Amino acid sequence: MGMPNIRGFKPTARLYRMAILLVVLTVLCLTLWMTTSLFEGGIRNSFSGGISLSNVLGGSGVEQGSTANFSHNVGHLEAARVSYDKPALGERVNGAIVVLVRNSELDGLRKSMRMFEDRFNRRFKYPYILLNDQNFTQEFRDGVASITNNEVRYGMLDDSLWGYSPSVTPEETDVMLERNKHEYLYGGNLSYRFMCRFQSGLFYHHPLVRDLDWYWRLEPDVEYYCDIDYDPFVFMRDNGIKYGFTIAPRENKKTVKSLWYHTREWIKKNTDLLPEKSLVNWVMGTDGNYNMCHFWSNFEIVDLSLYRSEAYESYFNHLDNARGFFYERWGDAPVHSIAASLLLSKSEIHWFEDIGYKHPGNMHCPRDEAMHAKCICDVKKSYTYRSACQTRFARVNNMKKERMTELIGKSEENYRTFNDEDAAVE
């Protein structure tokens, strides 16, 4: 169709060119306007829709459902697309986050809970169980309530859970505390002994804990570096794992001088309670003695059927009667670690390499590229990749019970009992 035939009007070639130019300019303007509107709307939606601060700090960067791709920031990896403001879908286990804490540790606990909430529990909504040997103050409760909207249960420890082993006396304990106070950290600290005994074999009997199937231990003044966008409890349950850890250092030998002696005595009397194979050679050298490796139990995720088993209860009671929690300084970390290694196979123990974590003294930062993309930490400062015990865990395999008892039988029994004149010192 040509130009309209208007009387007295004669179109020229110049007018044709001007009309075509006008149409082209109009189309370009419309296209530019539509593109600008869509872009600005997308930016507004992104910020109003909630790219949370925890996502930015944690490296996730994009709200779930966004079509943007910031993967160039981390090489070939795609940014996590998880909403940390919405509860995670899926089932939960019968578990809780359990904390032993004093009123004076409120600031340290708030710090730990803030990071733990941002990295994991704001989405997964597990309850907290806070335990104390004193009544919690209202100031403490208010301080915790301002950190989390999740359920918090408060419990107090009575004398049956927080006190002396039946085999020791306060008078003898005072003598040993005085003797050991300059030997090692907490050498003269009585409440630390109560804590180690409680964490070793009593915490899971507390009324707030005894009906749980799983627990995750949290402490004041710890740091979580990585977004945890899955449920470790469910992961462990679905994969037949009973014990999870992050850091595995060596124990101070001075604190556990007779622990392996009493462990060997228990093994000899209770081989019927032991599995046919286990990871015992992670904690035992070829000479049949303890190599001081242990899982740092300030972080542990555990299927509580392990601690409630006949074998573990028997082992703990044997140690409790041996008096080492008070006359030496047996910690819950070596006790848990030796027991887990004796009673579990390697497939039932899991290193959570992807969970960046720090407790005063040591830290773990994952070096795997995909894991580290969700973390804010310096791999160069990570202790775990320098740890001989961590390396040993990756290298060793299960040992048969027959071989274990053979090594133990041949090992030197060079530990003294507390009937000796020098008791806990050499």
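**Charged pairs**

Modeller: Aspartate 118 forms a salt bridge with arginine 122, and their closest N and O atoms are 3.9 Å apart. A salt bridge here is a side-chain nitrogen of Lys or Arg within 4 Å of a carboxyl oxygen of Asp or Glu. Please keep in mind that this is a predicted model, in which local features need pLDDT of at least 70 and side-chain atom pairs count only at pLDDT 80 or more, while totals for chains, interfaces and linings use all residues. Residues are numbered from 1 along each chain as its sequence is written, and side-chain values use heavy atoms, with hydrogens and water left out.

Biologist: Why are aspartate 118 and arginine 122 separated by about one helical turn?

Modeller: They are four residues apart in helix 3, which covers residues 106-124, and this puts about one helical turn between them. Helices (H or I, at least four residues) and strands (E, at least two) are DSSP runs, numbered from the N terminus. Aspartate 118 is partly exposed, with a relative accessible area of 21%, and arginine 122 is partly exposed too, at 22%. Buried means under 20% relative accessible area and exposed means over 50%, with partly exposed in between, using a 1.4 Å probe and protein chains only.

Biologist: How many salt bridges does the structure hold?

Modeller: There are 17 salt bridges in the structure. One of them joins the side chains of glutamate 276 and lysine 401, at 3.3 Å from N to O. Glutamate 276 sits in the loop between helix 8 and strand 7 (277-278), whereas lysine 401 belongs to helix 14 (residues 401-410), so the pair ties together parts that are 125 residues apart in sequence. Glutamate 276 is exposed at 59%, but lysine 401 is buried at 16%.

Biologist: Changing topic, what about the inside? Which residues have the most contacts in the largest nonpolar core?

Modeller: They are Tyr243, Trp282, Phe295, Tyr307, Leu342 and Met404, in a core of 68 residues. A second, separate core has 36 residues, including Val93, Leu109, Phe124 and Ile241. A nonpolar core is a set of buried Ala, Val, Leu, Ile, Met, Phe, Trp, Tyr and Cys residues joined through side-chain atoms within 4.5 Å. In soluble globular proteins, nonpolar side chains tend to be buried together.

Biologist: And phenylalanine 352, is that one buried or exposed?

Modeller: Phenylalanine 352 is buried, with a relative accessible area of 0%, and it lies in the loop between strand 9 (349-351) and strand 10 (357-359). Contact means heavy atoms within 4.5 Å. Phenylalanine 245 is 107 residues away along the chain, and yet its C-alpha atom is separated from that of phenylalanine 352 by 6.0 Å.

Biologist: Let's look at helix 9. What does it pack against?

Modeller: The buried residues of helix 9 pack against helix 6 (190-201), helix 8 (259-269), helix 10 (324-327) and helix 11 (332-343). Those buried residues include Tyr312, Tyr315, Phe316 and Leu319. Helix 9 is followed by arginine 323, whose phi is positive, near 75 degrees.

Biologist: Where else is phi positive in a residue other than glycine?

Modeller: Methionine 292 is one of these places, with a phi near 75 degrees. Methionine 292 is found in the loop between strand 7 and strand 8 (301-303), and at 8% relative accessibility it counts as buried. Tyrosine 186 also has a positive phi, of about 65 degrees, although it is not a glycine. Tyrosine 186 lies in the loop between helix 5 (170-180) and helix 6, and counts as partly exposed at 38%. Most residues other than glycine have a negative phi.

Biologist: Finally, how many helices and strands are there in the protein?

Modeller: The protein has 14 helices and twelve strands, and buried residues make up 51% of its 426 residues.
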